[in-house]
2 protein chains.
Amino acid sequence: MLLSYTEENYLKALLKITFDSGVEKVGTNELASALDVKPATANDMLKKLKEKMLVDYKKYGKINLTSEGKKIAIEIIRKHRLWETFLYQKLEFSWDEVHEVAEQLEHIQSQKLVDKLDKFLAYPEFDPHGDPIPNSKGEIKVYHKKTLSEMTPGTTCTMVAVKDNSSPFLQYVVKVGLGINNEIKIISIQEYDLMMVIEVNGQRSTVSQKFAENIYIVNK
Amino acid sequence: MLLSYTEENYLKALLKITFDSGVEKVGTNELASALDVKPATANDMLKKLKEKMLVDYKKYGKINLTSEGKKIAIEIIRKHRLWETFLYQKLEFSWDEVHEVAEQLEHIQSQKLVDKLDKFLAYPEFDPHGDPIPNSKGEIKVYHKKTLSEMTPGTTCTMVAVKDNSSPFLQYVVKVGLGINNEIKIISIQEYDLMMVIEVNGQRSTVSQKFAENIYIVNK
DNA sequence: AAATATTGTTAGATTAACCTAACTTTGTAT
DNA sequence: ATACAAAGTTAGGTTAATCTAACAATATTT
């Protein structure tokens, strides 16, 4: 099925919201704000995608991707993450620059291109942000759900990914001395506002709860 | 200046027509047919591009790119040819497959991407079809103007590029045993219909005038 | 030079993706 | 349980890129 750039973005956003929030109850307003359009616009598009059997929903009800819609959304995420990996590994883009360009590249239509790119990159499993890359069958590695904010003082963990892919956040992560696979030691947590003192490679930093919620980790 | 995918295609088509035909008198109908739209549509777009100072023309007059318009068109061709080179050299696409995908990739907006890609490919001078790749300053190597159809029996030449980049033509070229840098010996030419018997690596073939007009060569 | 053919232009309609403003339904709080 | 707030929908309008059909200008032919 041939979809427009815009239609693809709606499907991707729907999948992303369910991924990120865990919940599968996606609403029109939420979708609209994720895509930076008005709810009325999102509503129109939902009707269109329903026509095409890519989403399943009824008036005032919750929005769900059909299996076909989900398949397409996963393919777009696969392309996005493969391109990010290409930009980072082969073209020496920095961590915080890859997302924006991959947003464009993910819409290139060519099955052969995706397959060849995957091969060229030696079938990578994770992108530069630590997110799993769906394989050619659309299978995705199990998702890391624990964040730095859940850790307690005295414990140690390893960073595996970031939740927020925006440039400002990623640049801040670098500033703190953090990167994928780095060890983080939790020194202390301020009761009042949940500010956290962490240590990375001997460097101590104080980070906000918001920051800590956007760092995915695994226990040591 | 940020242009739409469509606007970029109009600028590219204008430059391409002047390149290919040699003449610089481009008409509305010709432009429209190159872009596979109706003349009325092309006319509307020309007004818009004139507004943006990218083309220069007056009612019923001839169409010209302004220097700004030309600069943009060259940048698009640069991107197109770099991507073709990438697909061919790094992703093992065949000669006849690269064009279609590059038509999409050429519209990705990121100066950094172009520069890094150029570097990654070691600053190539020619694309897989033998066409020169404009450098980062927009400079293009002098164009090969002689075609196989201009050769006379008994002479020998070297193929340097193709004029037609379409899949069917390129597949035919391969079938005849031809490729960039191959030597071609002209055995004979049929007076009546200008059919040409050529020899490539010992393989003799009979090709039409139309075929011969689409092969760029240099004399031995 | 007049007739005809070609080429270019205008007017008005369509579609996709967006908007605002008004309205309806659902959910929440007193 | 009613009232209010939040979420979702509809109606009607805009813009970019396209179309068809009618018209105007230029070029070609006899």
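**Close-up 1. Pairing of C157(B) with N219(B) in the predicted model.** In β7(B), N219(B) is the bridge partner of C157(B), and strand β3 (residues 156-162) of chain B pairs with β7(B) in the antiparallel sense over 5 bridges; strands pair if DSSP finds at least two bridges between them, and strands (E, at least two residues) and helices (H or I, at least four) are DSSP runs numbered from the N terminus. The model is predicted, with local features needing pLDDT of at least 70 and side-chain atom pairs counting only at pLDDT 80 or more, whereas totals for chains, interfaces and linings use all residues. Residues are numbered from 1 along each chain as its sequence is written, chains are lettered from A and ligands numbered from 1 in the order in which they are written, and side-chain values use heavy atoms, leaving out hydrogens and water.

**Close-up 2. The open sheet of chain B.** Its 5 strands, with antiparallel pairing, follow the order β6-β5-β4-β3-β7, and the edge strands, β6 (203-207) and β7 (215-219), each pair on one side only.

**Close-up 3. The interface of chain B and chain A.** Here 21 residues of chain B are in contact (heavy atoms within 4.5 Å) with 21 residues of chain A. Across this interface the rule, a side-chain nitrogen of Lys or Arg within 4 Å of a carboxyl oxygen of Asp or Glu, finds 6 salt bridges; one of them joins K112(A) to E97(B), whose closest N and O atoms are 2.7 Å apart. On the side of chain B that touches chain A, the elements giving two or more residues are α4 (67-89), α5 (98-105) and α6 (111-120), and α6(B) gives the most, with 6 residues.
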